Amino acid sequence: MKKILLLTTGGTIASAPGEDGLEPMLQSGGLADQIGGITSNYQVDFKDILNLDSSNIQPEEWQFIAGQIAELQSGYDGIVVTHGTDTMAYTASVLSFMLRNIPIPVVLTGSQLPILHPLTDGVENLRCAFAMAASGAPGVFVAFNRKVILGARAVKVRTTGFDAFESVNGPYAATVDSTGLCLNRFRR
């Protein structure tokens, strides 16, 4: 079994209704409860590193996230990072440069609806992220809506649709269809 580390940073995927709308409240244990069918296919460790709405993620958090990944990567086949969608593309791009020669896949994902919502896209996005993290393709990626995008090419183009992210000036790194995860040839 591939060994995957799941790092949580907050975002909609981990949110629940609060006093002022959705607020990141769910820690990794709560996420684990929702994705047992996915994690049973991998050896998964969980670590909560932040608990923020992604609109509050700044350069200091980028440095912190990159530092955690660099420090913890040894012994893992891949890393999945849950993140809010508002700044996920920025974080993925910055991590692409901060972790330039990382030898394993680092895959950011999140959702448009909280994982506790009955119509969430979070479970499917995590399923795709775990598959990419286990692929052995090194680099930083965004997994969303059955597409995997190079971290430095991801851009959020829709605020409400499940197909929120696109790849700018380059093909998808991978897609998911009825045959499974299909890695494309790509350049970093």
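Modeller: Charges come first: the mean positions of the 13 positive and 17 negative charges of the protein are 15 Å apart. Here Lys and Arg count as positive and Asp and Glu as negative, while His and the chain ends are not counted. Each charge is placed at NZ of Lys, CZ of Arg, CG of Asp or CD of Glu. This is a predicted model, where local features need pLDDT of at least 70, side-chain atom pairs count only at pLDDT 80 or more, and totals for chains, interfaces and linings use all residues. Residues are numbered from 1 along each chain as its sequence is written, and side-chain values use heavy atoms, with hydrogens and water left out.

Now the start of the chain. M1 lies in the segment before β1 (3–10). Strands are DSSP runs of E, at least two residues long, and helices are runs of H or I, at least four, both numbered from the N terminus. M1 is exposed, because its relative accessible area is 68%. Exposed means over 50%, buried under 20%, and partly exposed in between, with a 1.4 Å probe and protein chains only. Beyond its neighbours within four places in sequence, M1 is in contact with S40, N41, Y42, Q43 and D77. Contact means heavy atoms within 4.5 Å. G21 is 20 residues from M1 along the chain, and their C-alpha atoms are separated by 39 Å.

Last, the whole. The protein has 5 helices and 12 strands. Its C-alpha atoms fill a box of roughly 45 × 35 × 35 Å, taken along the principal axes. Of its 188 residues, 49% count as buried.
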